[in-house]
Amino acid sequence: MTLPLDLVIVGAGPSGLAAAIAAQQAGLGYEVLEKGALVNSIFHFPRHMTFFTTADLLEIGGLPFVTPFEKPTQAEGLKYYRKATEAYSLRVALGEEVTGVRALGESDGGARFVVQTRGKDGAGARRARNVVFATGYYDNPNLIGVPGEDLPHVSHYYTEAHPYFRKTVAVVGGKNSAAIAALELHRAGAEVTLVHRRPRLADSIKYWIRPDIENRIKEGSIAARFGTCVKEIRTSSVVVATAFETEELPADQVFLLTGYHPDTRMLAEAGVRVDEATLVPQHDPATLETSVPGLFLAGALVSGKQTSRIFIENGRFHGEAIVAAITSRALASARE
């Protein structure tokens, strides 16, 4: 039987990679398990996206993020995290999905957890003393629950505008993602209607985006329906309604950019207490350890549904706190 790993990290996003760097620098035996590509969420961001923050706030492991721009692009972000992974020779298993984490009743040769996986070679498992969930939220869109939401021309993710040249597009949402998508689609030659259930755009829209989207709406180059909810999506249209009337909008493509939420099911199955209303797993804010000893959180998962509280800028430091807790505990145990 192989010795258990000191730490298994679930998710190879920036916070997971930062935790791996901290573990490696502390001399821990670790492995990162990722079901998709490296920094999978960033890979699925819009192709021409520019980060809202400066490059220095995206750095992990003290590795400089060099860019000629004030704010880096998605392509630069992907390149940076590849370079960080190579620079530290991080142990990352890509294409290996974690399907469950089982806490052992008693320590099994030092292991407290069995991490169950599924990859190209079938089912597998890792034994670990500690586990970090750094799974984010981008894989789980907020569904609006209307007929037609599962039609093939409906997506909860926007990537690029070019395929929608000379097509009618409905963008549902009123925050940054929806505003950016509407602007890019309009400039690529799409006929865009922005649909938002609130009476106006969200206050959280970035200051350099707001005047652009507001001016395009004011001049009529982007149509807008505020105080309006989607009732049904059809093969070539969207049925929307206000408190007073119902309207059918033509739509060759529908983007439901209504936000995302973390998936806490595996945490709950492992015994972690999760608040049903907020989806915040119970944890110590100093060490990021959950109600299950040895099971930790890193990144946006910490904030539950309030996904705007944790970004790369602050989530990148979670790994250092987690590794400090693990190593201090090991030292205390060794003294006993």
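Tutor: Five strands form an open sheet in the order 8-15-9-10-11, with parallel pairing. Strands here are DSSP runs of E of at least two residues, and helices are runs of H or I of at least four, both numbered from the N terminus. Two strands pair if DSSP finds at least two bridges between them. In general, strands of a sheet pair through backbone hydrogen bonds, either parallel or antiparallel. Strand 8 (154-155) and strand 11 (223-226) are the edges, each pairing on one side only.

A word on the source. This is a predicted model, where local features need pLDDT of at least 70 and side-chain atom pairs count only at pLDDT 80 or more, while totals for chains, interfaces and linings use all residues. Residues are numbered from 1 along each chain as its sequence is written, and side-chain values use heavy atoms, with hydrogens and water left out.

Now go inside the sheet. Strand 9 (residues 168-172) pairs with strand 10 (residues 191-196) in the parallel sense, over five bridges. Contact means heavy atoms within 4.5 Å. Axes are lines fitted to C-alpha atoms, for helices over the stretch in contact, and angles run from 0 to 180 degrees between N-to-C directions.

Helix 4 has a helical neighbour too. Helix 4 and helix 5 (residues 210-219) pack at about 55°, with axes 10 Å apart. That angle makes helix 4 oblique to helix 5; under 35 degrees would count as roughly parallel, over 145 as roughly antiparallel, 65 to 115 as roughly perpendicular, and the rest is oblique. The crossing of helix 4 past helix 5 is left-handed, meaning that the near helix is turned anticlockwise from the far one by less than a right angle; clockwise would be right-handed.

Which residues meet there? From helix 4 come Ala-179, Ala-182, Leu-183, His-186 and Arg-187. From helix 5 come Asp-212, Ile-213 and Arg-216. As background, an α-helix has 3.6 residues a turn, so residues three or four places apart point the same way.
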